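Here is a short briefing to read alongside the model. Keep the structure open as you go, and follow the topics in order.

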Amino acid sequence: MNKLGFGFLRLPVLEKDGDIDLERLNGMVDTFLQHGRKYFDTAYTYLDGKSEWAIRESVVKRHSREEFLLADKLPGYMMKSYDDCRRCFEFQLERCGVDYFDVYLLHWLNGTNDKIAEKYREFEFLQELKRDGKARIIGFSFHDTADLLDEILTSHPEVDVVQLQINYLDWNSESVQARLCYETAVRHGKKVIVMEPVKGGTLADVPPEAARVLHQVDPAAGAASLAVRFASSLPEVEIVLSGMNTMDQLLDNLRETEPLGKAEMEKMIQVAENIHHSIAVPCTGCGYCLSGCPKQICIPRYFKLYNEYFANPGDDWKIRPAYERLALKYGSASDCIDCKSCEYRCPQKLSITEYLKKVAETF
């Protein structure tokens, strides 16, 4: 069993300037395809557009169109008209260097963005693309409650797939509602694509007690690969996306495995409580919060440092200088003006401004 899809949100970068390391990425793409995997996922907004560019350079230009499947997403929340959808789609085709997308989704539907999608007939636009052969499979990515998901799927049975955040840490989460959303999609007869199976890397490095329990599930598997395997074991899941920036991560995720049994999955869900207590800020590092921040605060990077401090306060002498270097280049945590633009954009529904106050107090 291997349902791995290559997510182009987190990619290898050059240490010198932070640009995408195409040489390393090319090697990873080739290895991914050599292992029989084909699904690549990007979006208009990922990496400020560099993700679609990287798809063109690393995948499209170097491999025949029949070798890969490409998924992209319409930033429907940015649209101001039906015609905007067409213009954006054509631009994405050009930036990716393709004539069609195998999968095309409305990006990031929630209570607010769904209203925009209805206002500008974005579901109708998806159907038009499918009729014209410009998108083979249509659907949407979703970050909200199962009740809203049920409403959308009831109103739009024409969609083929739903992309959901699913991992064992969020399985019973009140905010993410991974289990409830998965069950809702299945009830409507929709296949599921999984995003954030490792929760932005959170499940790659778990506390010692959690690691001991996971070792009992599979002594040969690492924490990250077990997290991917949890999502892959759900029967109606077709693709499990992982953003990878090293060859070791890719090879670990490419291992062929057997589906987890019910008892094994329950054991992983139970260990989630232990992990929750070890995380100060459950940020996945997606970066959605960055656009629109008037003070240009590098929120995910500050939260990562804060989590490191929370786990190892004795390393303060190493962590504090890293924070100070970032603050010279970006806005510091204390620069936050509490506008909450970041919170509106956060798929995890985090109280970002409150967490920034804690970061400022710490550093």
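Phenylalanine 123 and phenylalanine 140 are both buried in this predicted model. The two belong to the aromatic pairs, of which a search of the whole structure finds 22. Their ring centres are 6.1 Å apart and their planes stand at 80°, so the pair is edge-to-face. Phenylalanine 123 lies in helix H5 (residues 122-131) and phenylalanine 140 in strand E5 (residues 135-142), so this pair ties together parts that are 17 residues apart in sequence.

- Tyrosine 168 and phenylalanine 230 form another edge-to-face aromatic pair, with 6.0 Å from centre to centre and 65° between the planes.
- Tyrosine 168 sits in the loop between strand E6 (161-165) and helix H7 (178-187), while phenylalanine 230 is in helix H9 (residues 223-232), so the pair ties together parts that are 62 residues apart in sequence.
- Buried means under 20% relative accessible area, so tyrosine 168, at 1%, is buried.
- Phenylalanine 230 counts as buried too, at 0% relative accessibility.
- Ring pairs also join Tyr82, Phe89, Phe101, Tyr104 and Phe125 into a cluster.
- Two arginines are worth a look here: arginine 95 lies over the face of tyrosine 44, at 5.0 Å from the ring centre, and the charged end of arginine 136 sits over the ring of tyrosine 100, 4.0 Å from its centre.

**Parallel strands and their crossovers**

- Let's start with strand E2 (residues 39-41), which pairs with strand E3 (residues 69-74) in the parallel sense over three bridges. Phenylalanine 40 has leucine 70 in E3 as its bridge partner.
- Together, E2, helix H2 (residues 50-60) and E3 make a right-handed β-α-β unit.
- From E3 the chain crosses through helix H3 (residues 82-96) to strand E4, and this β-α-β crossover is right-handed.
- E3 and E4 (residues 101-109) pair in the parallel sense over four bridges. Across this pairing, alanine 71 stands opposite valine 103 in E4, and lysine 73 stands opposite leucine 105 in E4.
- E4 also pairs with E5, in the parallel sense over six bridges. Here valine 103 stands opposite isoleucine 137 in E5.
- How enclosed is E3, and how many of its six residues are buried? Five of the six are buried, so E3 is largely enclosed by the rest of the structure.
- E4 is mostly covered, with nine of its nine residues buried.

- Helix H6 (residues 146-155) has Ala146, Leu148, Leu149, Ile152 and Leu153 as its buried residues. Seen down the axis of H6, these fall within an arc of 155°, so they line one face of the helix.
- The face of H6 turned away from that buried side carries the exposed residues Asp147, Glu151, Thr154 and Ser155.
- What covers the buried residues of H6 includes E4, helix H4 (111-119), H5, E5, E6 and H7.
- In helix H8 (residues 208-217), the residues Ala210, Val213, Leu214 and Val217 are buried. Around the axis they cover an arc of only 100°, which puts them on the same side of H8.
- Pro208 and Gln216 are the exposed residues on the face of H8 turned away from its buried side.
- H9 and helix H11 (262-278) are among the elements that cover the buried residues of H8.

**A buried glutamine in a loop**

- Where is glutamine 348 placed? Its place is in the loop between helix H14 (341-345) and helix H15 (352-362).
- Is glutamine 348 buried or exposed? At 6% relative accessibility, glutamine 348 counts as buried.
- Not counting residues up to four places away in sequence, glutamine 348 touches Gln165, Ser175, Val176, Lys199, Pro282 and Thr284.

How values were computed. Residues are numbered from 1 along each chain as its sequence is written. This is a predicted model: local features need pLDDT of at least 70, side-chain atom pairs count only at pLDDT 80 or more; totals for chains, interfaces and linings use all residues. Side-chain values use heavy atoms; hydrogens and water are left out. Buried means under 20% relative accessible area, exposed over 50%, partly exposed in between (1.4 Å probe, protein chains only). Helices (H or I, at least four residues) and strands (E, at least two) are DSSP runs, numbered from the N terminus. Two strands pair if DSSP finds at least two bridges between them. A crossover is right-handed if, with the strands pointing away from the viewer, the path from the first strand over the helix to the second runs clockwise. Rings of Phe, Tyr and Trp (its six-membered ring) pair if their centres lie within 6.5 Å; planes under 30 degrees apart count as stacked, over 60 as edge-to-face and the rest as tilted. A charge sits over a ring if NZ of Lys or CZ of Arg is within 6 Å of the ring centre and within 35 degrees of the ring normal. Contact means heavy atoms within 4.5 Å. The arc is that of the directions from the helix axis to the C-beta atoms.
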